[in-house]
Amino acid sequence: MDVLINVFVGLHIIGIAALLGGFLTQMKAMGAGTARFTPAMLHGALTMLVTGIVLVGLNQADDQHVNTVKIGVKLAVLIVVLGLVYVKRDEEKVEKPLFATVGALTMVNIFIAVLWT
């Protein structure tokens with residue numbers, strides 16, 4: 001079970017890397033007002049959602065403690081990010097505050113995962 005959990009943790013990290021990487025590659029464009037949500041950002045957020053749900057299930061099946069409050073907060077933040085990216089995915093330009101919000105919420109999710117014990 002540990003190997004399977006570790007595989008999904010790796011996939012979860014790949015999802016966050018795609019989401020955050022897509023944001024970081026658009027930072028210069030954000031300064032110019034021409035930033036847009038890339039497909040990698042949408043796919044990264046979806047990957048995080050699916051692998052996160054699987055990880056909760058696997059950890060519960062393995063009788064490990066799952067902090068449901070932490071998971072609920074992370075899920076809420078991810079749903080907001082996913083909703084923003086999904087709704088604005090076809091737009092040629094995304095407003096700076098909206099684009100920055102997605103980046104900030106992504107980093108908030110990372111810090112919640114790492115620092116909330």
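Because the model is predicted, local features need pLDDT of at least 70 and side-chain atom pairs count only at pLDDT 80 or more, while totals for chains, interfaces and linings use all residues.

**Stop 1: helix 1 and helix 3**

Two packed helices are described by the angle between their axes and the distance between the axes. Select residues 2–25, which form helix 1, and residues 39–61, which form helix 3; helices here are DSSP runs (H or I, at least four residues), numbered from the N terminus. Their axes come within 8 Å and cross at roughly 155°, where axes are lines fitted to C-alpha atoms over the stretch in contact, and angles run from 0 to 180 degrees between N-to-C directions. Helix 1 and helix 3 are therefore roughly antiparallel to each other, a term used for angles over 145 degrees. The crossing is left-handed, which means that the near helix is turned anticlockwise from the far one by less than a right angle.

Now show the side chains on both helices: among the residues that meet here are Leu4, Ile5 and Phe8 from helix 1, and Leu55, Leu58 and Asn59 from helix 3. Contact means heavy atoms within 4.5 Å. By class, this contact of helix 1 with helix 3 has 16 nonpolar, 8 polar and no charged residues (Ala, Val, Leu, Ile, Met, Phe, Trp, Tyr, Cys and Pro count as nonpolar, Asp, Glu, Lys and Arg as charged, and the others, Gly among them, as polar).

**Stop 2: helix 3 and helix 4**

The axes of helix 3 and helix 4 come within 9 Å and cross at roughly 155°, and that makes helix 3 roughly antiparallel to helix 4. Helix 3 also passes helix 4 in a left-handed crossing. Residues that meet here include Met41, Leu42 and Val56 in helix 3, and Ile71, Leu75 and Tyr86 in helix 4. The contact of helix 3 with helix 4 holds 14 nonpolar residues, with no polar and no charged ones.

**Stop 3: helix 1 and helix 5**

Next, select residues 96–115, which are helix 5, and go back to helix 1: the two axes come within 10 Å and cross at roughly 145°. Helix 1 passes helix 5 in a left-handed crossing, and on the helix 1 side Ile16, Leu19, Leu20 and Phe23 take part in the contact. The residues of this contact divide into 8 nonpolar, 2 polar and no charged.

**Stop 4: single residues**

Select Asn59 in helix 3, which is buried, with a relative accessible area of 16% (buried means under 20%, exposed over 50% and partly exposed in between, with a 1.4 Å probe and protein chains only). Leaving aside its neighbours within four places in sequence, Asn59 is in contact with Ile5, Gln64 and Val66.

Finish at the 1 salt bridge that the structure holds, where the side chains of Lys88 and Glu91 meet at 3.9 Å, N to O. A salt bridge is a side-chain nitrogen of Lys or Arg within 4 Å of a carboxyl oxygen of Asp or Glu. Glu91 is partly exposed, with a relative accessible area of 32%.

Technical notes. Residues numbered from 1 in each chain as written. Heavy atoms only, no water. Helix = DSSP H or I, 4+ residues; strand = E, 2+ residues; numbered from the N terminus. Parallel < 35°, antiparallel > 145°, perpendicular 65-115°, else oblique.
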